[in-house]
Each structure stands twice: as C-alpha cells, then as structure tokens.
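This briefing is intended for a reader who is new to the structure shown below. Please keep the sequence and the 3D view at hand while reading.

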Amino acid sequence: MEFESVKKYLEQGGGIEDEHRAATLMSSLPSRFFENFILQHIHVDLIHPGRLVCSMKLPHQLANADNILHGGVIATLVDTVGSAALYTVGVCMDRVSVEINVSYLDAACAGEEIEIEAKVLKVGTLIDVISVDFREKNTRKLIAQGRHSMYIVGPSSKL
C-alpha cells in the first residue's frame, strides 16, 4: 500500500505541494465558499409546498479527475436543496442534520444539465425527512437519490 502517498495527498491539500501556497489559498477563500460556489450554478424551476425542483448545468470545476460530478457535490446538494425544501412548508431553520445518505446510481459529466427534485416526506415533532432525486435533465436517467433527516432544535433539545 502507498501509505505515504495517501498521507502526502491529504496533508498537502489534494496535491498542492507548496504548504505556504496552500495555506494562502485556503485563507483567501470566503466563508462557506464550497456551498456558495455550488449554489451559484442552481436555477430554481418550480416551487410548491413540500416540493422544490432545480436545474443545474454542471461546470467542470465540480467534476472529479474523470470529468464526472463529484460525489461530495451531490451530498452538499442533498443538504442545501433538501434544507431549502423545508422552507416551502413554512419550517424555520432551527434544525441540524442528523443523517444524510446518498445512493449513487449513475454518472453525470461536466457540461450535462441535471434536475434536482427535493420532496419533504415528513415534518415531525422531532425529526424532519426530505428526499432528493438527481436526474439527467433530457433523458430523465436517475443519477442519485439522497435522504436528509433533520433534528428540530428547541429550548429543551439535548443535541
């Protein structure tokens, strides 16, 4: 195994070998940079109570080395678009994520347009549940399915 290669890759910011350059780059980024960068590519197509449909043309910056949409981007979209779907039913955001899971079913490449559909499955007294489907916009091919569970934080919460 290439333990040293793995260690070097992680400790040097995914391949930036100059430690000072990597630190300068990271400190120059605005807060919540990753989420904001992803969301600048979102277009909201439809909003109904409990349902939010968005589209997104995938920029190459969100792809991995194989030009495929990075799984971390999908997980971030499950979190952010799923959370936004709760607003459509009048829910305030005194909530924290307790579980996010994603089933990656197919690939989407940079340059393709995808559709993201978030549905509120349950608004509970302690837990809310949202599902988020990712489809290739033209073919309707299912790319990924996510589920997001959120705990309702209140004055008596122990979380």
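The points that follow concern charged pairs and a nonpolar surface patch.

The structure is a predicted model. It holds 7 salt bridges. Side chains of opposite charge can pair when their charged atoms come close.

**A pair between strands E3 and E5**
- The side chains of Arg 95 and Asp 128 form a salt bridge, at 2.3 Å from N to O.
- This pair joins distant parts of the chain, since Arg 95 lies in strand E3 and Asp 128 in strand E5, 33 residues apart.
- Arg 95 and Asp 128 are both buried.

**A pair within a network**
- Lys 137 and Asp 45 meet through their side chains in a salt bridge of 3.4 Å, N to O.
- The two residues are 92 residues apart: Lys 137 is in the loop between strand E5 (127-136) and strand E6 (142-152), while Asp 45 belongs to strand E1 (residues 42-48).
- Lys 137 is partly exposed, with a relative accessible area of 27%, and Asp 45 is partly exposed at 35%.
- A network of salt bridges links Asp 45, Glu 113 and Lys 137.

**The pair Glu 117 and Lys 119**
- In the salt bridge between Glu 117 and Lys 119, the closest N and O atoms are 4.0 Å apart.
- Glu 117 counts as buried because its relative accessibility is 12%, under the 20% cut-off.
- Lys 119 is partly exposed, with a relative accessible area of 36%.

**A nonpolar surface patch**
- Val 96, Val 98 and Val 153 make a nonpolar surface patch of about 190 Å².
- Val 96 is placed in strand E3 (residues 95-104) and is partly exposed, with a relative accessible area of 33%.

Conventions. Residues are numbered from 1 along each chain as its sequence is written. This is a predicted model: local features need pLDDT of at least 70, side-chain atom pairs count only at pLDDT 80 or more; totals for chains, interfaces and linings use all residues. Side-chain values use heavy atoms; hydrogens and water are left out. Patches are made of residues with over 30% relative accessible area and no salt bridge: like charges are joined within 9 Å, nonpolar side chains (Val, Leu, Ile, Met, Phe, Trp, Tyr) within 5 Å. Accessible areas come from the Shrake-Rupley method with a 1.4 Å probe; for residues, only the protein chains shown count as cover. Helices (H or I, at least four residues) and strands (E, at least two) are DSSP runs, numbered from the N terminus. Buried means under 20% relative accessible area, exposed over 50%, partly exposed in between (1.4 Å probe, protein chains only).
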